[in-house]
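Subject: Structure for you to look at

Hello,

Here is the structure I said I would pass on. Please open it first, then read the notes below it.

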Amino acid sequence: LTIAMPPREREDMMESLGDMNHLFDAISKINIKEAQTSIKADKTQLLDIVKEFRILDIVRELSACTRLSNRVSEWVREHVKDYVRDQIYAYEREQQGDITTDLEFADLCRKVGHVMSKGGRPDDAIFLYRKALKIREQDWNNLRQSAELHNEIGSVILDDKYDPDAALLEYKLAVRIYEEVLGKSHPDTASSYCSVGKVLDLKGDFDGALVEYRKAGDIYEKVLGTHHPFTATLYNNIGLIMDGKGDHDNALVEFRKALLIEELIYGKEHPTTSATYNNIGGALYEKGSIDLALTEFKKAHAINVKTLGEDHAFTAITSNWITKLSGEVKEKSVWATVFNKVEF
């Protein structure tokens, strides 16, 4: 792409330079390094934005908005990385020793770590998070941020590098800090229990995962109440594990607890509610209650068509279930008719 464009579009783009959000909408669509322009000043001005100290503004905006960070061009991340590399070199050479300056540098590393994580650079993200963590661990007045960084490192390791064992270690370190700083009855501690439970579930340790989820559930029920979205999500997670273990009856109990909350919060025609209908249908099917399962999948499908559209992946899933179960119900009906006609 080039920056050559009709006068009105060019004017709109240049005016957008004063608004960070509009700026990213513009530069995310342009490969500035390769672009050709009839007005050289346009290209120079855009490049100067990421070469000057205004890059800090870019970092802040990127880390605050997922939509924009996903769209921003690779060249922006390259300039950000170059800038931070220079800052790390200067910091380590001077070894500031001023805790205020150190914490500002840690915050910079963390923010740019977010940018790298969103931009598909997990190794760069982990490197920067660990730089921030090394400094934050010395700030005894705010160890909570150390726990947050352990969680962030764990998430990158799990989601981008898929190393459950290494992620589990980070999540457990976060739990230890949260328990010491916030106590064992704080929602943030509960969230860390959930992270540990998620990894144990992935590793196939279903009983261990249930222990962590139930610890989190006790906290959510006491602190957030039995009608909070987090509580509903937890009920669903517990139900899925029980369903996977073959305990379909207790899984249904958990799914229906979640459904009551979701219908209250989101209403009966919401994708989240649909997902729980889907879970209930799956558990009923595993129990052999095909007719009841079909009813639940039809509820989920009607919601998906209305809220997500007929071409959505979730709609296709419920449609496939309905087709499969309708065939089984028909086959069951045929066999029942045959047996009814047999004379003994």
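What share of the contacts in the protein chain with a separation of 6 or more comes from residues 24 or more positions apart? The share is 58%, where contact means heavy atoms within 4.5 Å.

Some ground rules come first. This is a predicted model, in which local features need pLDDT of at least 70 and side-chain atom pairs count only at pLDDT 80 or more, while totals for chains, interfaces and linings use all residues. Residues are numbered from 1 along each chain as its sequence is written, and side-chain values use heavy atoms, with hydrogens and water left out.

The whole chain

The protein chain has 17 helices and zero strands; these are DSSP runs numbered from the N terminus, with helices being H or I of at least four residues and strands being E of at least two. Of its 344 residues, 42% count as buried, meaning under 20% relative accessible area, with exposed being over 50% and partly exposed in between (1.4 Å probe, protein chains only).

The average pLDDT, the predictor's confidence in each residue from 0 to 100, is 79 for the protein chain, and 68% of the residues score at least 70.

Helix 10 covers residues 164-181. Just after helix 10, Gly 183 takes a positive phi of about 95°.

Ile 126 lies in helix 8 (residues 122-136). Is Ile 126 buried or exposed? Ile 126 is buried, because its relative accessible area is 12%. Beyond its neighbours within four places in sequence, Ile 126 is in contact with Ile 153, Val 156, Ile 157 and Lys 161. Val 156 is 30 residues away along the chain, yet the C-alpha atoms of Ile 126 and Val 156 are separated by 7.2 Å.

Tyr 266 is in the loop between helix 14 (248-265) and helix 15 (271-287). With a relative accessible area of 33%, Tyr 266 is partly exposed.

Regards

Terms used. The expected span of a helix is 1.5 Å times one less than its number of residues.
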